[in-house]
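Subject: Structure handover and notes

Dear colleague,

I am passing on the structure that we spoke about, and my notes follow below it. Please read them with the structure open beside you.

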Amino acid sequence: MQGLHLTADLQGCPAGLAPMTDRLALRALCVELVVQAGLQPVGELFHRFTPAHPDEAAGVTGVVLLAESHLAIHTWPELGGVTLDVYVCNFSDDNRGRAQALMDSLVRAFKPQRVQRQQLERGGLAALLR
């Protein structure tokens, strides 16, 4: 299927932001931004890791399954880092703008000092179906 796969590596994110360490805060942020972008969530799973030491923060990982594909997110508060992965298929609609809006909103929410973005146009499967 034709689609757009966006990833971003965020550095210098404030560790004190609730979604960096709080599973429920990250879930609420992700679901809200998915809906705002016009995408349809169909499932989700979020997990907070146990800190290596009691006085350290621990990150969260999560995924929102979309009717259009997925959002995956991983936080490392101890490093001030976040990785983002947004993939949408364009089977019945062109969802590129929605994917970009979701990615932009997520980046803004984490207030990074540096961002490295990647973009991949997917579609090899379509050639197999011919």
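Ser-69 is found in strand S4, which covers residues 69–76; strands here are DSSP runs of E with at least two residues, helices are DSSP runs of H or I with at least four residues, and both are numbered from the N terminus. Please keep in mind that this is a predicted model, in which local features need pLDDT of at least 70 and side-chain atom pairs count only at pLDDT 80 or more, while totals for chains, interfaces and linings use all residues. Residues are numbered from 1 along each chain as its sequence is written, and side-chain values use heavy atoms, with hydrogens and water left out.

With a relative accessible area of 18%, Ser-69 counts as buried, because that word is used for values under 20%, whereas exposed means over 50% and partly exposed lies in between (1.4 Å probe, protein chains only). Leaving aside residues up to four places away in sequence, Ser-69 touches Val-64, Tyr-87, Val-88 and Cys-89, where contact means heavy atoms within 4.5 Å. The side chain of Ser-69 also makes a polar contact of 3.5 Å with the side chain of His-70. A polar contact is a pair of N or O atoms within 3.5 Å; within protein, one must be able to donate a hydrogen and the other to accept it, and residues adjacent in sequence count only if both atoms are side-chain atoms. The phi of Ser-69 is near 155°, which is a positive value in a residue other than glycine.

Lys-111 likewise is a residue other than glycine with a positive phi, in this case near 50°. Lys-111 sits in the loop between helix H3 (96–110) and S6, and with a relative accessible area of 54% Lys-111 is exposed.

S4 and S5 pair in the antiparallel sense over 8 bridges, with Asp-85 in S5 as the bridge partner of Ala-72. S4 and S5 also form a hairpin with 4 residues between them, and Gly-80 in the turn has a positive phi of about 65°. Why is strand S5 described as largely enclosed by the rest of the structure? The reason is that 7 of the 9 residues of S5 (residues 81–89) are buried.

Thr-7 lies in strand S1 and is partly exposed, with a relative accessible area of 22%. Although Thr-7 and Arg-117 are 110 residues apart in sequence, their C-alpha atoms are 5.8 Å apart in space. Not counting residues up to four places away in sequence, the residues that Thr-7 touches include Leu-84, Met-103 and Gln-118, and the side chains of Thr-7 and Gln-118 make a polar contact of 2.3 Å.

With best wishes

Technical notes
Two strands pair if DSSP finds at least two bridges between them.
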